[in-house]
Amino acid sequence: MAAKQPPPLMKKHSQTDLVSRLKTRKILGVGGEDDDGEVHRSKISQVLGNEIKFAVREPLGLRVWQLVSAVMFSGVAIMALVFPDQLFDAIFEEESVSSKTPIRLYGGALLSIALIMWNALYTAEKAIIRWSLLAEACYFAVQFLVTTVSLVESSRIATGAVLLLISRALFILISIYYYYQVGRRPKKV
């Protein structure tokens, strides 16, 4: 007995035919520019509008804080890379360091964090902004702890280090404030 094979499935040629797809998109009104100059990829995005219009409402001063952070990280990183002795002297008020390599490595790490801060400044994505603020707060917290332990171990209180501790505590508070403000759900109207 010969088994009868089912007929092969017929492919719709309209889905693979480029001209047909372009005609369909033209009929739907997608793919071309509208009056505002926006190119919509689907009818849904055309009806709902551009998602940038529904972007996160940013807390007041967030972009200024991001700019200040990026400039600050970049400046200290460049100073650590180019002038390691002067950076160490400004903070701990000591003559010089036995090796410049750890300070230059610190500068390289700061430069990497600065790159993240510069990129976060130009994004509108809530998750990226929050992660950069959290990374910044963690960095400041670790620096606060390391500086405190160094001061306690050396039993010397340097003015530069105390100012560094106070500024880092303030920077931690500011970063955490913006971290929670960006993550807050908007109030329903």
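H4 crosses H6 in the left-handed sense. This account rests on a predicted model. H4 covers residues 62-82 and H6 covers residues 101-121. Their axes lie 8 Å apart, and the packing angle is about 155 degrees. Angles over 145 degrees count as roughly antiparallel, and H4 and H6 are therefore roughly antiparallel to each other. The residues of the contact of H4 with H6 comprise 19 nonpolar, 4 polar and 2 charged.

Two further helix pairs can be described in the same terms. Two packed helices are described by the angle between their axes and the distance between the axes. The table sets out these values for each pair.

| Helix pair | Angle between axes | Distance between axes |
|---|---|---|
| H4 and H6 | about 155 degrees | 8 Å |
| H6 and H7 | roughly 150 degrees | within 9 Å |
| H7 and H8 | roughly 155 degrees | within 8 Å |

### H6 with H7

Helix H7 spans residues 126-154, and its axis crosses that of H6 at roughly 150 degrees. The angle makes H6 roughly antiparallel to H7. H6 passes H7 in a left-handed crossing. On the H6 side, the residues in contact are Tyr-106, Leu-110, Ile-113, Ile-116, Met-117 and Ala-120. They meet Ile-128, Ile-129, Ser-132, Glu-136, Tyr-139 and Gln-143 of H7. Sorted by class, the contact of H6 with H7 has 9 nonpolar, 2 polar and 1 charged residues.

### H7 with H8

Helix H8 runs over residues 159-183, and the axes of H7 and H8 come within 8 Å. Their crossing angle of roughly 155 degrees makes H7 roughly antiparallel to H8. The crossing of H7 and H8 is left-handed. In the contact of H7 with H8 there are 18 nonpolar, 5 polar and 4 charged residues.

The largest cavity holds about 40 Å³ of space. Its lining consists of Met-72, Phe-73, Val-76, Leu-110, Tyr-139, Phe-140 and Arg-168. H4 and H7 are the elements that give two or more residues to this lining. The most comes from H4, with 3 residues. By class, the lining of the largest cavity has 6 nonpolar residues, no polar residues and 1 charged residue.

How values were computed. Residues numbered from 1 in each chain as written. Predicted model: local features only at pLDDT ≥ 70, side-chain atom pairs only at ≥ 80, totals over all residues. Heavy atoms only, no water. Axes fitted to C-alpha atoms, helices over the stretch in contact; angles between N-to-C directions. Helix = DSSP H or I, 4+ residues; strand = E, 2+ residues; numbered from the N terminus. Parallel < 35°, antiparallel > 145°, perpendicular 65-115°, else oblique. Left-handed = near helix turned anticlockwise from the far one by under 90°. Nonpolar A, V, L, I, M, F, W, Y, C, P; charged D, E, K, R; others polar. Contact = heavy atoms within 4.5 Å. 1 Å grid on protein atoms, 1.4 Å probe; cavity = no way out; pocket = protein on both sides within 12 Å on 5 of 7 lines; lining within 4 Å. Points joined across faces, edges and corners; volume = space filled by probe spheres on them.
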